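Trainee: I would like to learn how to read the sheets of a model, beginning with a pair of strands. Could you take me through it slowly?

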Amino acid sequence: MSTEADIRFMREALTLAESMHGMTSPDPMVGAVIVNDGELVGRGYHAQFATPHAETFAIKNAGEKARFSTLYVNLEPCCHHGNNPPCTSAIISAGISRVVAAIEDPNPLVSGKGFSELRAAGIKVDFGILEEEAKQLNESFIKYITTNRPFVILKSAMSLDGKIATKTGDSFWITGMEARKYVHQVRSHVDAVMVGIGTVLKDNPWLSVRDADIIRKNPYKIVLDGSAKIPLDSHILSFEPQNTIVVVTKSANAKKIGAIKKTGADVIVQPTSKDIVDLDLLMIELGSRKITSILLEGGGKISASAVSAEIVDKLMYIISSKIIGGADAPTPIEGAGIEKLSQAINIRNVITKRLGDDILVEGYVMR
């Protein structure tokens with residue numbers, strides 16, 4: 001059974017892990033603290049892909065005080081040789097007497113084997129402390145490591161009456177600055193931002209991180225552009241083209257594909273003869289490229305396609321304090337729609353948050 005101290009120190013480990021949000025992919029975010037006789041004597045976190053793990057840093061930070069101590073970590077310690085030696089070996093060598101973890105590592109190479117190795121060495125192991133918080137923190141990693149596909153967040157900003165633009169297409173700005181800062185923060189956390197060619201042609205976006213409080217990196221920019229219509233002077237191809245992926249089909253013009261590649265952007269050519277990108281096939285390809293999380297910021301058509309293809313894991317709707325109106329004004333999910341309410345997609349674990357005068361609604365798609 002967990003104690004108040006267990007919960008307090010696990011929260012410290014989770015805070016350390018979250019401090020590197022967006023920087024560790026395709027690795028998970030991991031934080032670790034070492035406590036000896038009630039005193040916190042060591043801290044560590046995983047800073048970047050392929051760098052030493054949190055447990056190693058915490059043990060080094062604790063020094064001799066690691067002996068006969070308790071290690072708190074938000075993810076089961078690894079027990080295999082990868083980019084780093086096994087953390088279980090370091091824990092055993094340090095003389096740690098108890099390990100408290102939030103969740104089992106879903107990586108098939110670990111998946112309980114780390115706990116077994118520690119127990120075999122005489123170390124007491126407890127896990128399940130703040131389990132839900134730990135799973136949510138690493139939700140992208142959990143999906144990627146178990147399915148080889150990225151975790152997809154569908155984001156949309158809309159008016160109070162559910163419009164994403166006016167009937168003329170004007171959408172700047174539906175939401176306020178606080179909401180836009182929040183979206184940019186999310187951009188900095190994901191591996192990639194994805195839009196359709198319609199958004200590029202209409203808005204000429206940058207898809208960079210600008211308004212976030214902490215800016216560490218820009219995500220990959222993915223453009224769904226079956227016919228290769230993207231202008232060569234677009235912001236997306238002009239700014240950090242090496243972080244841009246344009247997805248076309250084999251029906252696209254070969255010369256235009258070559259011109260896109262000359263900007264420095266990568267081009268994925270799908271085998272389909274239609275000019276519509278196969279989203280399911282794309283998720284497999286992006287997973288093979290170790291892209292673990294995507295923020296989809298497309299319009300109503302792309303959003304409808306993503307929902308229909310069942311690639312969406314999480315919804316992020318920001319509702320402004322404006323009313324637009326108009327039967328012809330676009331909505332967040334277009335397409336054919338459903339015929340019966342029994343066919344509606346249900347959302348679970350819904351939360352709301354105030355962002356200035358706007359309201360954020362987040363939830364997970366039920367499968």
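Mentor: Strands of a sheet pair through backbone hydrogen bonds, either parallel or antiparallel. Here strand 1 (residues 31–36) and strand 2 pair in the antiparallel sense over 6 bridges, and valine 33 has arginine 43 as its bridge partner in strand 2. Strands are DSSP runs of E with at least two residues, helices are runs of H or I with at least four, and both are numbered from the N terminus; two strands count as paired if DSSP finds at least two bridges between them.

Trainee: What should I know about the model and its numbering?

Mentor: The model is predicted, with local features needing pLDDT of at least 70 and side-chain atom pairs counting only at pLDDT 80 or more, while totals for chains, interfaces and linings use all residues. Residues are numbered from 1 along each chain as its sequence is written, and side-chain values use heavy atoms, leaving out hydrogens and water.

Trainee: In what order do the strands of the open sheet of 5 strands lie?

Mentor: The order is 2-1-3-4-5, with mixed pairing. Strand 2 (39–45) and strand 5 (124–127) are at the edges with a single partner strand each, so one side of each lacks a neighbour in the sheet.

Trainee: Which helix packs on this sheet, and at what angle to strand 5?

Mentor: Helix 4 (residues 113–120) does, touching strand 4 (98–103) and strand 5, where contact means heavy atoms within 4.5 Å. The direction of helix 4 makes about 150° with that of strand 5; axes are lines fitted to C-alpha atoms, for helices over the stretch in contact, and angles run from 0 to 180 degrees between N-to-C directions.
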